[in-house]
Amino acid sequence: MKIDGACHCGQISFEAEVDPDAVSVCHCTDCQQLTGTAYRVSVSLPSDHFRLTKGSPKTYVKTADNGNRRLQMFCSDCGSPIFTTGEGEAAQEIAIRWGTIRQRRDLAPTRQIWCASAAPWLDAVSALPGTAGD
Ligand SMILES: [Zn+2]
Ligand SMILES: [Zn+2]
């Protein structure tokens, strides 16, 4: 599936070819802090199926306890997280942040990881009173 997207301010944009089934949710505490919200949703793809069409993101390097370095690419103007990748062999795959993808409503997650640290109220959200707008 062909997709495209951009950060919130529009300084950075991209296009990619993705498998619509390669969408996952991560509940790890790093993702909670890095996104500022309850969990991260992203689409994984080979990095050669991804192309920046405008701008160049800033990189934040997250070093895991095992020494693995993950590159977190974000817009230095508006702060939107855009994608992540790794180093060496891990650079061959990237994960695009779901919220920056224009066609995101067609991309539903098929699995979730790090459920042990998921927000304890998550299952209750669908039952909360809601409105169509604010
Ligand atoms: Zn931006
Ligand atoms: Zn995570």
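This briefing walks through the fold, the sheet, the core and a few single residues of the protein above. The model is a predicted one, in which local features need pLDDT of at least 70, side-chain atom pairs count only at pLDDT 80 or more, and totals for chains, interfaces and linings use all residues. Residues are numbered from 1 along each chain as its sequence is written, and chains are lettered from A and ligands numbered from 1 in the order in which they are written. In brief, the protein has one helix and 10 strands, and seven strands form an open sheet with mixed pairing.

**Overall fold**

- Along the sequence, the elements follow the pattern β-β-β-α-β-β-β-β-β-β-β; helices (H or I, at least four residues) and strands (E, at least two) are DSSP runs, numbered from the N terminus.
- The radius of gyration, taken over C-alpha atoms, is 15 Å, close to the 14 Å that the globule rule gives for 134 residues, so the protein is as compact as a globular protein of that length. That rule is 2.2 Å times the number of residues to the power 0.38.
- The C-alpha trace spans about 45 × 35 × 30 Å along its principal axes.
- Of the contacts with a separation of 6 or more, 57% join residues 24 or more positions apart; a contact means that two C-beta atoms, placed from the backbone, lie within 7 Å.

**The sheet and its strands**

- The strand order in the open sheet is E6-E7-E8-E9-E4-E3-E10, where two strands pair if DSSP finds at least two bridges between them.
- Strand E6 (58-63) and strand E10 (111-113) stand at the edges with a single partner strand each, so one side of each is left without a neighbour in the sheet.
- On average, neighbouring strands of this sheet are turned by 30° against each other, direction ignored; the axes are lines fitted to C-alpha atoms.
- Strand E7 (residues 69-74) pairs with strand E8 (residues 81-85) in the antiparallel sense over four bridges, and Gln 72 stands opposite Thr 84 in E8.
- E1 and E2 pair in the antiparallel sense over five bridges, with Ile 3 opposite Ala 16 in E2.
- These two strands, E1 and E2, form a hairpin with six residues between them, and Gly 10 in the turn has a positive phi of about 90°.

**Burial and the core**

- Of the 134 residues, 25% count as buried, meaning that 20 or more other C-beta atoms lie within 10 Å of the residue's own; 12 or fewer makes a residue exposed, and anything in between partly exposed, with C-beta atoms placed from the backbone.
- The largest nonpolar core has 25 residues, and those with the most contacts inside it are Ala 16, Val 43, Ile 82, Phe 83 and Ile 96. Such a core is a set of buried Ala, Val, Leu, Ile, Met, Phe, Trp, Tyr and Cys residues joined through C-beta atoms within 7 Å.
- At least two residues of this core come from each of several strands, including strand E1 (2-6), strand E2 (13-17) and strand E9 (93-97).
- Leaving aside residues up to four places away in sequence, Ile 82 touches several residues, among them Cys 7, Met 73 and Thr 100.

**Single residues to look at**

- Asp 48 lies in the loop between strand E4 (40-46) and strand E5 (50-54) and is exposed, with 10 other C-beta atoms within 10 Å. The C-alpha atoms of Asp 48 and Glu 93 are separated by 8.2 Å, although the two are 45 residues apart along the chain.
- Trp 114, in the segment after E10, has a positive phi of about 55° although it is not a glycine. Trp 114 counts as partly exposed, with 16 C-beta neighbours inside 10 Å.
- Val 125 is also placed in the segment after E10 and counts as exposed, with 10 C-beta neighbours inside 10 Å.

Definitions and conventions. Axes are lines fitted to C-alpha atoms, for helices over the stretch in contact, and angles run from 0 to 180 degrees between N-to-C directions.
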